[in-house]
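Here are a few quick notes to read alongside the model. Have the viewer open as you go.

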Amino acid sequence: MSDISPFLRSIFTDVTGPMYSYQMFGRCAKQEANMMDCMEAYGYGRGVRKCKDLIDEMYECHTLKKQYARFAAMRKERNRQIACGQLKGDKQYVTPRIDSY
Amino acid sequence: MAEACQIIRKQDLPPPGGYRPIPFKRIPAKSYFSGFTWIAGYIGVTAISSYLYYLNYKQIVKNKIEMRSAKMAIYPMLLAERDREYMKQLRRNRDAEAELMRDVPGWEVGTYYGERVYKLLPPDALVEPIFHEYYAHTEPSAWDKKVDLRLWS
């Protein structure tokens, strides 16, 4: 049932649509536009299968999961190395200048 | 017999000549100026001080314009300096990541265990880091200095 989209789109089917988008100079405007173009072309059921890459790009941009997971893995590794004594003194951290980001 | 032995007692009598009259009339406070004089004085002082304020205000506006012009003039340079430092730090972060995750199995620099962050971009496209990634290798005190400003505003 989840592969079926409404046969006729009307004002009533738009009641439960998304309330906001990235298109007003948001972070993920490009990825969202690509995804929506693809979904528009294929419809909902096929679109979810055929546009999987674009949907994944949009998902990653929206949730930043992989970037955060990278950070978590690196932090964990660094803490492990410090605890094991492999990193000592000045080599423990690489600190950016505070105003640079 | 009774007139010869008059004992003179002390009595509380009015003073000779009687009491002086008691003043009961109101004594209002001394008014230096009349009402209209006060209002006229207020208007006069306001007029003179407005003129002096106007002279000072022209100087204030000039100062504001000067400060604004100076800020606008140096803003591009400060922005460029920050961007340069940002780029340099990205390179340093990449080197630190390569150094750190050398012995971790399956890790490739710039990916998450081999899985690229954005698969449809070319491999050498710049993926701007999030706050956590940029500060991934920092010591905790530096993190604290920036995290509130960056993540809560």
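1. A word on terms before the details: helices here are DSSP runs of H or I with at least four residues, numbered from the N terminus. By that count, H2(A) is followed by Leu64(A), which has a positive phi, near 55°. Keep in mind that this is a predicted model.

2. H2 of chain A itself covers residues 52-63, so defined as a DSSP run. Its 12 residues reach 16 Å from first C-alpha to last, close to the 16 Å expected at 1.5 Å a residue.

3. Which residues of H2(A) are buried? They are Glu57(A), Met58(A), Glu60(A) and Cys61(A). Looking down the axis of H2(A), the buried residues fall within an arc of 160°, so they line one face of the helix.

4. On to the interface. Chain B and chain A bury about 3,600 Å² between them, with 61% of it on carbon and sulfur atoms. Chain B brings 38 residues to the contact and chain A brings 30.

5. There are 4 salt bridges between chain B and chain A. One pairs Glu115(B) with Lys66(A), where the closest N and O atoms are 3.3 Å apart.

6. Last, an annotation: the unreviewed UniProt entry puts a "transmembrane region" at residues 32-54 of chain B. In the model, that stretch of chain B is 87% helix and 0% strand, and its end C-alpha atoms sit 31 Å apart.

Definitions and conventions:
Residues numbered from 1 in each chain as written. Chains lettered and ligands numbered in written order. Predicted model: local features only at pLDDT ≥ 70, side-chain atom pairs only at ≥ 80, totals over all residues. Heavy atoms only, no water. UniProt positions renumbered as here; feature names shortened; annotations may be inferred. Helix = DSSP H or I, 4+ residues; strand = E, 2+ residues; numbered from the N terminus. Expected span 1.5 Å × (residues − 1). Buried < 20%, exposed > 50% of the residue type's maximum accessible area, 1.4 Å probe, protein only. Arc of directions from axis to C-beta. Contact = heavy atoms within 4.5 Å. Buried area = accessible area lost by both parts, 1.4 Å probe. Salt bridge = Lys/Arg side-chain N within 4 Å of Asp/Glu carboxyl O.
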